[in-house]
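Reader: Could you take me through this one while I have it open? I'd like to start with the aromatic rings and then move on to the helices.

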Amino acid sequence: MDVIVVGLGAVGSAAVHQLARRGVDVLGIDRHSPPHTFGSSHGETRITRRLTLEGAEYAPLAVRSHEWWRRIEAETGASVLTACGVLNLADHAADAGAFAVHERAAAAYDIDYELLDAAALRDRFPQFRVEDTRVGLLEPGGGFVRPEAAISAQLELAERYGAQLHRGERVLAVEAAASAVTVRTDAATYTADQVVLCAGSWLAGLLDDPGLARLFGVYRQVLHWFGIEGSRQDFTPGRFPTFIWDGVSRADEYFYGFPSVDGATVKVATGQLDHRTPDPDTLDRTVAPDEAAGFHQAMISGRLPGVSARATRSQVCMYTVTPDEAFVIDRLPGRERVLVASPCSGHGFKHSAAIGEALAELVTDGATTLDLTPFAFGRFTR
């Protein structure tokens with residue numbers, strides 16, 4: 001066997017698809033049956049934008065991923081990318097520098113955008129109640145990706161191109177030697193020329209180096225769906241964008257949300273990095289009623305008057321976070337036959353299709369057309 005891909009979530013499904021498309025003899029293994037609700041790639045919607053807030057080095061990944069989403073849609077008939085726009089709501093003084101970075105990226109990659117002051121925001125998007133100091137950066141070509149649909153479509157294509165997929169099989173160990181890599185599961189033992197680890201929150205448990213394993217922290221995240229009060233049409237993708245509300249006085253005022261997918265609710269969430277989870281298998285997946293009520297009071301009340309305090313459902317997922325909140329896409333130090341791909345810290349899905357392509361290039365050609373230097377392990381030892 002040429003390659004084994006461990007984990008078939010956002011990046012694993014993309015990697016196994018791209019490898020199979022190139023005619024590689026590839027096996028994909030996942031402990032669950034993706035798409036599923038146990039990892040980091042579920043919850044109906046994920047933000048996608050090409051003007052990335054995390055840094056200019058991510059823009060090529062996002063641009064290329066958008067191209068792949070459209071191609072995947074054409075090949076499978078799935079609905080993956082909805083370009084309803086992404087609106088970043090920020091404080092003018094606090095985020096002027098960040099907006100300048102976005103403007104340079106827009107020029108470099110020919111990405112359309114608009115800058116809106118508070119008056120324009122109130123006129124265009126009256127669903128938000130904004131302060132006079134608020135400004136908005138709107139990327140019309142951004143929006144959301146449907147994670148379950150994206151994973152399903154890529155796994156369908158992977159099998160169409162000849163990949164083997166083993167669902168419900170748990171990887172116990174990955175052992176790299178000079179000539180091959182052995183993968184032991186709870187069902188069998190496999191040998192391959194190379195292995196790509198895309199195990200997300202379970203990645204640390206597959207690394208035999210404690211120092212490297214500590215780089216990948218797991219954090220519980222909660223997603224909430226609140227009912228809409230008043231006109232539901234005001235929150236449809238044609239009228240309401242995916243949005244990111246940045247904090248002005250406090251970092252914990254940051255939250256994000258989406259237009260209504262079901263016509264009755266709006267999904268909102270925030271990044272929660274206060275308490276590291278020691279074991280993803282023991283993650284608390286229950287959501288207490290006061291979690292939703294507290295979220296609405298702290299984030300939604302006074303900002304989105306059309307969104308009620310009635311939570312129709314809540315769901316738990318996980319972020320896998322590195323110390324600098326950036327990706328790791330690199331060969332495992334000292335084990336050249338093992339590639340690690342952990343697009344973590346809560347902003348990985350929008351880049352995942354391109355990362356899958358880059359991983360396939362690394363496996364087959366030894367190099368990639370995208371610059372992955374910023375995501376190397378070496379930055380943690382320098």
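Reader: Which residues do ring pairs link into a cluster?
Author: Ring pairs join Phe 128, Phe 226, Phe 235, Phe 240, Phe 243, Trp 245, Phe 255 and Phe 295 into a cluster. Rings of Phe, Tyr and Trp (its six-membered ring) pair if their centres lie within 6.5 Å, and planes under 30 degrees apart count as stacked, over 60 as edge-to-face and the rest as tilted. This is a predicted model, in which local features need pLDDT of at least 70 and side-chain atom pairs count only at pLDDT 80 or more, while totals for chains, interfaces and linings use all residues. Residues are numbered from 1 along each chain as its sequence is written, and side-chain values use heavy atoms, with hydrogens and water left out.

Reader: And how many aromatic pairs does that rule give?
Author: The count comes to 17 aromatic pairs. One of them is formed by Phe 144 and Phe 258, an edge-to-face pair with 6.4 Å from centre to centre and 85 degrees between the planes.

Reader: Where in the chain do those two sit?
Author: Phe 144 is in strand β8 (residues 143–145) and Phe 258 is in the loop between β16 (255–257) and β17 (265–269), so that the pair, 114 residues apart, links distant parts of the chain. Strands here are DSSP runs of E with at least two residues, helices are runs of H or I with at least four, and both are numbered from the N terminus.

Reader: Switching to helices: at what angle do α2 and α8 pack?
Author: Helix α2 and helix α8 (residues 352–365) pack at about 95 degrees, with their axes 6 Å apart. The axes are lines fitted to C-alpha atoms, for helices over the stretch in contact, and angles run from 0 to 180 degrees between N-to-C directions. The two helices α2 and α8 are therefore roughly perpendicular, on a scale where under 35 degrees is roughly parallel, over 145 roughly antiparallel, 65 to 115 roughly perpendicular and the rest oblique.

Reader: Which residues make the contact?
Author: Leu 61, Arg 64, Ser 65, Trp 68 and Trp 69 of α2 meet Ser 352, Ala 353, Ala 354, Ile 355 and Glu 357 of α8, with contact meaning heavy atoms within 4.5 Å.

Reader: What about α1 and α2, how do they cross?
Author: The axes of α1 (residues 10–21) and α2 (residues 59–76) come within 14 Å and cross at roughly 70 degrees. In this contact His 17, Gln 18 and Arg 21 of α1 meet Trp 68, Arg 71, Ile 72 and Glu 75 of α2.

Reader: Now the backbone: which residues does a cis peptide bond join?
Author: A cis peptide bond joins Pro 34 and Pro 35, with omega about 0 degrees, and Pro 35 is in the loop between β2 (26–30) and β3 (46–48).

Reader: What is phi at Asp 110?
Author: Phi of Asp 110 is near 55 degrees, a positive value in a residue other than glycine. Asp 110 is located in the loop between α3 (96–109) and β6 (114–116), and its 67% relative accessibility is why Asp 110 counts as exposed.

Technical notes:
Buried < 20%, exposed > 50% of the residue type's maximum accessible area, 1.4 Å probe, protein only.
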